[in-house]
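Let's take a walk through this protein model together.

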Amino acid sequence: MARPHILVVGNEPSTVHSVNSLLARNSYNTEAVAFGAPAVARIYSDPLPDLVLLELGNDRSEGLETLQRFLQLRPALKVIVLSKVGGSRRVVEAIRIGADDYVTLPFGEFELLQLLKRHVNTDPEADAYAKESVGEVGGDHFFISASPIMQKVRLQAELLANIDVPVLIVGESGTGKEVTAHLIHKLSARSDRRLLKINCAALPGELLENALFGYERGVFTGAKRTKAGKFELCDNGTILLDEVADMSANLQAKLLHVLEDQQFFRLGGEATIEVDVRILASTNVDIQQAIAEGRFREDLYYRLSAFTILLPPLRERQEEIPVLLHHSMQRIAAQYSRVPLPFSTRLMDACLHYAWPGNIRELQNFVKRYVVMADEGTAIGELQANQRSKMVNVDTVPEPTLQPALPTPDSVLTPEERARDLKFLVRNRKDETEIQAITKALAETNWNRTRAARLLHISYRSLLYKIQQHGINRVSASRIAPFLNNGESAT
């Protein structure tokens, strides 16, 4: 098997020399180039590097600009950034751009070699990197990173834990936003202090304001004593504002003030209260749409989203389903003092082909019912019934009222009519071509959607929309892959 080829990119001679020497001693093919044009030209030459070690350098823009250029030209290129102590913000930006991992300078030989084993497939069977990673993050919360995309989320959380900036966690309901917040808090310097969560959608405006900022005695009927709010209680700790997009306009303004000045007044109070609180926020709504509709302040969004973590729905990380099922089974069976039940091939197949619209929360509730009922047939029937309920039942569609003739929709054309309908044929071919192009790009980038979007020359949001529109997931992609490979070999 050919030795992996590593390209070292940097302008610091001592760093480049030490990395090259270390790699050579451990049987890697290695070469070094400087930032800028030489580095860009090199990634177009043979042999193509299996991985790039990129020094970020002292100049904030130099290394990051080189990384951005690399990934524009070669979206599937694997890049690990090298950063000096204190360069955490640059590392965060590098991960945002698309770097696969990072290592802090100076580093130990063992540390770098372990990192290379994660990202260079020298021997896939001997790769000891834990694909199925389950980590307890406090209380009854577990962070599971059994897929490349969730391993990337964990890496982002590790980086952000050490940088005291607000983080916005975005994802559908049940995707693990609260667990991700717990992970960031656990890995941070504030881990020995409180993490308090408040659901901004669960309380009316006035009650939410009281809960966040507290109130003075006698300010309203029933206020028999002064009460501290969540921000006071979280001093030197972390607060999670769940469903932050549902906060009223008045409270958004007060929250912006806290973010800017780290101080506020209790309701009815006159004394300024200063706090040191790390703010994490989460939402399942389209923030950009909420801003456009005037429901969310744009200035607050930019303060909250110093870094944004996007959590994919479970249907886009199906390789995690078996891990989640087995982990949930062990935990829930112990909770109910039951013997853990097995997942047969038939049941596991039904779980893998189910869309899980409620994501991890729905999966955990499904396992809970399976543990209680202890009936595999009932469990499979539940999944099939839920799947069918999402489909349109044509027998229940009412008879249409008479309307002037309109162009015939594709959905009501007979097969014979479709074969002659040019508009349908063109649209159908366009959809097929789109699906194949997106599937191929996702496969080439190991389902890294940021890189796939660059490869396709479309925005990240457009790619997410098209993945959802065409129902593309790893199962469907695996079925298409042989045809794509055949098509490539035939040309």
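This is a predicted model: local features need pLDDT of at least 70, side-chain atom pairs count only at pLDDT 80 or more; totals for chains, interfaces and linings use all residues.

Start at leucine 155, which touches Ile95, Asp100, Asp101 and Tyr102, leaving aside residues up to four places away in sequence; a contact here means heavy atoms within 4.5 Å. Leucine 155 sits in helix 6, residues 148–161. Helices (H or I, at least four residues) and strands (E, at least two) are DSSP runs, numbered from the N terminus. Is leucine 155 buried or exposed? With a relative accessible area of 7%, leucine 155 is buried. For that label, buried means under 20% relative accessible area, exposed means over 50%, and partly exposed is in between (1.4 Å probe, protein chains only).

Residues are numbered from 1 along each chain as its sequence is written, and side-chain values use heavy atoms, with hydrogens and water left out.

Now step back to the whole chain. There are 21 helices and 14 strands, and 44% of the 491 residues are buried. Among contacts with a separation of 6 or more, 70% are between residues 24 or more positions apart.

Another partner of leucine 155 was Ile95, so let's visit helix 4, residues 88–97. Its buried residues are Arg90, Val91, Val92, Ala94, Ile95 and Ile97. Just after helix 4 comes glycine 98, with a positive phi of about 140°.

Most residues other than glycine have a negative phi, and most peptide bonds are trans. Leucine 105 and proline 106, however, are joined by a cis peptide bond with omega of about -5°. Proline 106 belongs to the loop between strand 5 (101–105) and helix 5 (109–119). Glutamate 243 is not a glycine, yet has a positive phi of about 55°. You'll find glutamate 243 in the loop between strand 10 and helix 10 (249–261), and it is buried, at 11% relative accessible area. Glutamine 262 also isn't a glycine and has a positive phi of about 55°. Glutamine 262 lies in the loop between helix 10 and strand 11 (263–264), and at 24% relative accessibility it counts as partly exposed.

What is the volume of the second largest pocket? About 690 Å³. A pocket is found on a 1 Å grid over the protein atoms alone: it is an open set of points with protein on both sides within 12 Å along at least five of seven lines, and lining residues have an atom within 4 Å of a point. Its volume is the space filled by probe spheres set on the points, which are joined across faces, edges and corners. The lining has 32 residues, and those nearest the pocket's centre are His141, Gly176, Val179, Ile360 and Gln364. Helix 13 gives the largest share of that lining, six residues.

Helix 15 supplies at least two residues of this lining, and it also holds valine 372. At 42% relative accessibility, valine 372 counts as partly exposed.

Note on methods: On a 1 Å grid over the protein atoms alone, a cavity is a set of points where a 1.4 Å probe fits but cannot get out, and a pocket is an open set with protein on both sides within 12 Å along at least five of seven lines; lining residues have an atom within 4 Å of a point.
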